[in-house]
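Subject: Structure handover

Hello,

The sequence and the structure are placed below for you to take over. My notes on what was found follow them.

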Amino acid sequence: MTYDWPTLLPLIFAGLMGLAILIYVILDGFDLGIGILFAAAEDTEQDTMIAAIGPFWDANETWLVLAVGLLLVAFPLAHGVILTALYIPVFVLLVGLILRGVAFDFRAKVPAGKKHRWNRIFFLGSVIASLAQGYMLGVYVLGLDVGRGGMAFGVLVAFCLAAAYAAMGAAWVIYKTEGELQKKAVRWLRTALVLTALGMAAVSLATPFASPRIFDKWFVWPQMLYLSPLPILSALLFLWLWRQTFHLPRPDDRHALTPFLTLAAIFALGFAGLAWSFYPFVVPDRLTIWQAASATESLAIILAGTVVVLPVIIFYSFYAYRVFGGKATDLTYD
Amino acid sequence: MDPLILSRMQFGANISFHILFPTITIALGWVLLFFKLRYNATNDSAWMRAYFTWVKVFALSFAMGVVSGVTMSFQFGTNWPGYMEHVGNIAGPLLAYEILTAFFLEAAFLGIMLFGFRRVSNRVHTLATVLVAGGTTLSAFWIIALNSWMQTPAGFEMRDGVAHAVDWWAIVFNPSMPYRLVHMLLASGLTVSFLIAGLSALRHLRGDRSESMWKALRTGVFTAAILIPIQILAGDQHGLNTLEHQPQKIAAMEANWNTGPNVPLVLFALPDEAAKENRFEVAIPDGASLILRHGTDGVVPGLNDYPGNHPPVFPLFWSFRIMVGTGLLMLAVSWSAAFFLKRRHSLPRPLALLMVPMALSGWLATLAGWYTTEIGRQPWLVTGVLKTADAVGPVAGSHVALTLAIYLLLYLLLLIAYLGVLVHLALKAAKDGDSSPLPGVMKTAMSQPAAGE
């Protein structure tokens, strides 16, 4: 491999896109998860849960736009292939995101009698969006297989990803609330964790059988050795988090953020596993990142802007999270 | 049905729905900043009351804009893969810069602007408002740059059917870009001023004579009265720019079939493309020559010079007339309202009744204007570079038709809900007047709420 710009730039952009997807899954994961948990919450609890994500969800969703945007601008060929193959699930995802996004704002502004309707729409939109993302992940893992097997697997992953988001949501509620709701969230977290673990195991087992190339990466010595820390570490983190849930919430609210961070780490490990399996392909076994990449001079000008702007974005995102740090209080426009 | 026309309808439906909301947020951000600065300068709480009423409209419009914008970013791939294949090297960086410089800026500081008033100092809150308003405007800058490049491409070369960038300055500031940007920013300003004026007029009709109502009403009416003549001038200049770079678009807008001098200004007609003539034409002699060439013997391009390479005449002719007609109505209404507010310090009931439906006049004019310029680019997606028919994806027509139907239904319901909330907010503000308790307006930051508080 030579290290010149035409080789390096697609690699850098694959990394950036991976980072954007990971950040999106973690950040929008918790607010989608809170939407899913709406079904199990009382009216007053719903208001608190909304207050826990209100100032953030917009910025969280922006990472999806960045991820899709990077796919679009850096790997235009792959963008076309993937999104035309996933035409209907993408459509379902968008309808879900539209519904929950606007329900968020409508529920706070409509006359009191209509609030229930928008709460239901918020729940429905969140569930639909999560399921659609999981389904797309499943179909993608099997190399954009839209046969009967691919669809069945997609449905399985859909439910597991929704469970994983619910776990993230519960972990965020533990961090942002107190009292009864916090205790309830711990119970939610336990249920969701079981389903999440099952889902990750299913994806991990299916991935190597999706293609012989990935199988070799997983089960042939010495490549096996490089991969092995990922599943072992994930399993250990799962077990540790499971045991933690029996002690939460702690009397002085120590470790309230721990479940969220642990889950984020598990997501990152799972994501690294997928990235390792699929590299160097952006469309599994069809297009590599170099085949799908834009022209070098176009990538260069995007990169120039990115290295300046991305640190600033991360800095002010942290600032926004800090401003709304602490336990969630009532959300008002003042 | 043909996937091409269905995909065009779907993209048209999505982008029409989308543009409604950025058109509001681009200028409303600056209006909110104005309210905030007036409050900072005068300490008059009515300004802050106006701010709190309209910041809710901003939040809702922003959410509608975000979700429909996310849809757009996916649709390039789902429906128009050929677009990015051929001109991705140009469109990509422009879209990337929009997301990186504008989108994140708006989204991150929106939270602070909406919910952070008591959590940060007044100065930081004002700064957040500036950043959100600046972000929306910057976003418009990049998107207009890309759209204008598709209209009047420059600064690139074709290699193996793929556009490669040669001069980024020429790409961003392509020939039609400055005109289109100014025209769109003014359109946004007018949309918002008529929306504010219209909903304030509704409050006025409901008997609300509070100070915050007057302040919002005056802001809306005077801004509209100032912007509309500037917009008419900017629109004229934009038209001359189009005449220079896209003469076939002008020919279709004017429904002029033969190139020549002394071309009349057609006021009403049913253009017939098959017969290449206008039916039931009502026209002012030499009008078009006078407007476009500033002389009665000015030569105006005709459609017959562009066989098979000009946009459809009927929709272009009429959408352009709807835009101009709405603009002239805006001029009449805003100047009469400004006269009564300035000289009589009152708003006559008939005028208020007219202003309520005019709240949406900006939307109508903006949509009609975009239809004019976008349909006017057909049959090209990128003028002279890529035909729309060559960019459409391999998706089955039935899929596109199904999703289109659901999108249309969804958008219709959302639009009804959105307008319902707008009216609800106005009526609630009218009922509360200036008597409802004003949220704590403080100069300094409140400490972070500690755990357990």
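Predicted model: local features only at pLDDT ≥ 70, side-chain atom pairs only at ≥ 80, totals over all residues.

On the α1(B) side the contact is made by S16(B), I19(B), L20(B) and T23(B), and on the α12(B) side by G362(B), W363(B), T366(B), L367(B) and W370(B). Sorted by class, this contact has 5 nonpolar and 4 polar residues, and no charged ones.

Helix α1(B) has another packing partner to look at. It packs with helix α2 (residues 45-79) of chain B at an angle of about 150°, and here the axes are 7 Å apart. That angle makes α1(B) roughly antiparallel to α2(B). The crossing of α1(B) and α2(B) is left-handed. The contact of α1(B) with α2(B) has 22 nonpolar, 14 polar and 2 charged residues.

Next, the strands of chain B.

β1(B) and β2(B) run antiparallel and are joined by 4 bridges. One of the pairings sets M158(B) against A163(B), its bridge partner in β2(B). The two strands form a hairpin with 2 residues between them, and in that hairpin D160(B) takes a positive phi near 50°. D160(B) is in the loop between β1 (156-159) and β2 (162-165) of chain B, and it is not a glycine. Most residues other than glycine have a negative phi. Is D160(B) buried or exposed? D160(B) counts as exposed, because it has 5 C-beta neighbours inside 10 Å, and the cut-off for exposed is 12 or fewer.

Strand β3 (residues 265-272) of chain B pairs with strand β4 (residues 277-284) of chain B in the antiparallel sense, over 6 bridges. Among the facing residues, D272(B) stands opposite E277(B) in β4(B), and L270(B) stands opposite R279(B) in β4(B). β3(B) and β4(B) also form a hairpin, this one with 4 residues between the strands. In its turn, K276(B) has a positive phi of about 55°. β4(B) is hardly covered, with a count of 0 buried residues among its 8 residues.

H345(B), a residue other than glycine, has a positive phi near 50°. H345(B) sits in the loop between α10 (313-344) and α11 (349-355) of chain B. With 8 C-beta neighbours inside 10 Å, H345(B) counts as exposed.

The peptide bond from Q378(B) to P379(B) is cis, with omega near 5°. Most peptide bonds are trans. P379(B) is placed in the loop between α12 and β5 (380-382) of chain B.

Now the interface between the chains. How many residues of chain A are in contact with chain B? There are 61 residues of chain A in contact with 65 residues of chain B. On the chain A side, the elements that give two or more residues are α3 (57-74), α4 (76-85), α5 (87-109) and α14 (296-323). The largest share, 14 residues, comes from α5(A). By class, the side of chain A that touches chain B has 36 nonpolar, 16 polar and 9 charged residues.

I88(A) and M136(A) are 48 residues apart in sequence, while their C-alpha atoms are 9.9 Å apart in space.

Regards

Methods:
Residues numbered from 1 in each chain as written. Chains lettered and ligands numbered in written order. Contact = placed C-beta atoms within 7 Å. Nonpolar A, V, L, I, M, F, W, Y, C, P; charged D, E, K, R; others polar. Pairing = 2+ DSSP bridges. Buried ≥ 20, exposed ≤ 12 C-beta atoms within 10 Å, placed from the backbone. Axes fitted to C-alpha atoms, helices over the stretch in contact; angles between N-to-C directions. Parallel < 35°, antiparallel > 145°, perpendicular 65-115°, else oblique. Left-handed = near helix turned anticlockwise from the far one by under 90°.
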